[in-house]
Amino acid sequence: MSQSIIEHTRQVHSDLEKLQEAMIDDILSEKKNASHKELILRDHRMKSYLDQTVGTYRKLVKLYEDESGTRKKELATITGSNVFAEFNARLKATTDYHRKFPGASVKLDGGIPVPKVNAGFTGEENYAKYVDMHELYKRYTNMKIFEKCNYFSYLGKCYKLHNIPKQKKIASREYQTYVQDLYNYIYSFFQKRHPLADASDFKRQIDEEFEKLWKEKKLDGWKPEVAEDEEDDQAIEYGPIDLSKCSSWEALEPFGMEYLKSELKRVGLKTGGTLKERCKRLFLLKDKTLDEIPNKYKSKKFIKTTKPKMIARIEYNIKMFYELIRPQIEATREFIERKLTKTYEEIQQEFNEDSDEVVSESEEEDGDRQLYNPLKLPLGWDGKPIPYWLYKLHGLNIEYKCEICGNYSYWGPRAFARHFNEWRHSYGMKCLGIQNTKDFENITLIEDAITLNRKLKKLSQQKAWKPEEDEEFEDKDGHVYNKKVYDDLKRQGLV
């Protein structure tokens, strides 16, 4: 028995309502003191529900667009003067079907089943509590381009790739595959840790920032040398040619050999050949981009610059996504420090407690019971308030406020000192138009930061090269003067 398109549309609307109800029920059924594992699995279930919802909405849009015209025809048959005749015909078809198949059961719309989540975490990651970068660390230590260090130090500096000379990075294929695998791991871990976040949108914004920095030649570790800039400035002597006004390559001949050579060098094509060859080569860019043109027409210098840009883009993405998963990396480093002070049995016991595989009823009751914490002390690794002497020892009773971070409060000197390298402070400095360097460490007031920035600019201007004061001249007797004094003495005929 064929299904009506109207009935099919109703079922799709019903599926959307059931998906919404399933998401609401899943959120309402959450425990008060849900564990870290339960929260991560809940986010992955929500991601599965949202993917199903998006797919259902796309199906519904296609039904309403009605490209085949089936919906329009069906609406025409059930409206107008022959509506009762159509109803009787459909009723007869339904009764004939059930008379022919008396044992056919009526399918009722059921609920949406709970999706089975396979987050893909390793045992070391413990449901995105920590990172597992041991394989990448082994490759890091076996590469000559890097300095040897332990795993703890590697986690803290694996994103600092701008310190390595760019010529070594371009020449090493092993390095290029390593940074690509490092980026793939960090990106996939961010997706697994934050399944509801739009990782592709973050990547798009990061790529836009990268293109801007690359164009302005301000990317750390990839800034061109002064000699290269001067050479490029001297090579381009003419203005750009508007190819949209040229109907054929013959229209480019009046520009001449030198003008075409300058334009070809500016756009990244080969500059040699006759006038006709240069015109044809430049005319290839009229309706195409440089990437769409075969490499045989491109200059060697341009081909060499595409590889560094690809490596620099991956490094910049690693740096940005590292900041997004920094809390998990710092938690991993703290876990490594704790492991050094514990026995194997204690480590195994702590890992089993963190995994939250089995939760007994007594433990659930203890979790639901409110802790006695009148001093509002922070909770330790066991979920209980830390001792008061430890609270005082680490200075967690001292509040530090940072105006640059929007008057955000940091408790304890350790958290305060660490926040200067975190994203919130860096973003506040970026809003002020100031580069977040070590000179501005321990500066929390906006006025102080602006004043110090002005002072540093004045000092840099004072240290700049001044020919009148810094340029030296020597007379025939061996006396040394600066340029101003030497010119005065020379005019007077004393030297």
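Residues are numbered from 1 along each chain as its sequence is written. Because the model is predicted, local features need pLDDT of at least 70 and side-chain atom pairs count only at pLDDT 80 or more, while totals for chains, interfaces and linings use all residues; side-chain values use heavy atoms, without hydrogens and water.

Helices are DSSP runs (H or I, at least four residues), numbered from the N terminus. Two packed helices are described by the angle between their axes and the distance between the axes. Helix H5 (residues 134-141) packs against helix H8 (residues 173-193) at an angle of about 160°, and their axes are 11 Å apart. Axes are lines fitted to C-alpha atoms over the stretch in contact, and angles run from 0 to 180 degrees between N-to-C directions. H5 is therefore roughly antiparallel to H8, a term for angles over 145 degrees. The crossing of H5 and H8 is left-handed, that is, the near helix is turned anticlockwise from the far one by less than a right angle. Contact (heavy atoms within 4.5 Å) involves Leu136, Arg139 and Tyr140 of H5, and Thr177, Tyr178, Asp181, Leu182 and Tyr185 of H8. Sorted by class, the residues of this contact are five nonpolar, one polar and two charged. Nonpolar here covers Ala, Val, Leu, Ile, Met, Phe, Trp, Tyr, Cys and Pro; Asp, Glu, Lys and Arg are charged, and the others, Gly among them, are polar.

Most residues other than glycine have a negative phi. Ala128, in the loop between helix H4 (83-100) and H5, has a positive phi near 65°. Ala128 counts as buried because its relative accessibility is 1%, buried being under 20% relative accessible area with a 1.4 Å probe and protein chains only. Lys217 lies in the loop between helix H9 (199-216) and helix H10 (226-235), with a positive phi of about 60°. At 41% relative accessibility, Lys217 counts as partly exposed, between the buried limit of 20% and the exposed limit of 50%.

A nonpolar core is a set of buried Ala, Val, Leu, Ile, Met, Phe, Trp, Tyr and Cys residues joined through side-chain atoms within 4.5 Å. The largest has 44 residues, of which Met133, Tyr154, Tyr178 and Ile318 touch the most other members. H8 gives the most to this core, with 10 residues. Apart from neighbours within four places in sequence, Ile318 is in contact with Tyr159, Leu161, Val179, Leu182, Tyr183 and Ile186. A second, separate core has 14 residues, including Ile241, Leu260, Val267 and Leu282.

Conventions:
Helices (H or I, at least four residues) and strands (E, at least two) are DSSP runs, numbered from the N terminus. Angles under 35 degrees count as roughly parallel, over 145 as roughly antiparallel, 65 to 115 as roughly perpendicular and the rest as oblique.
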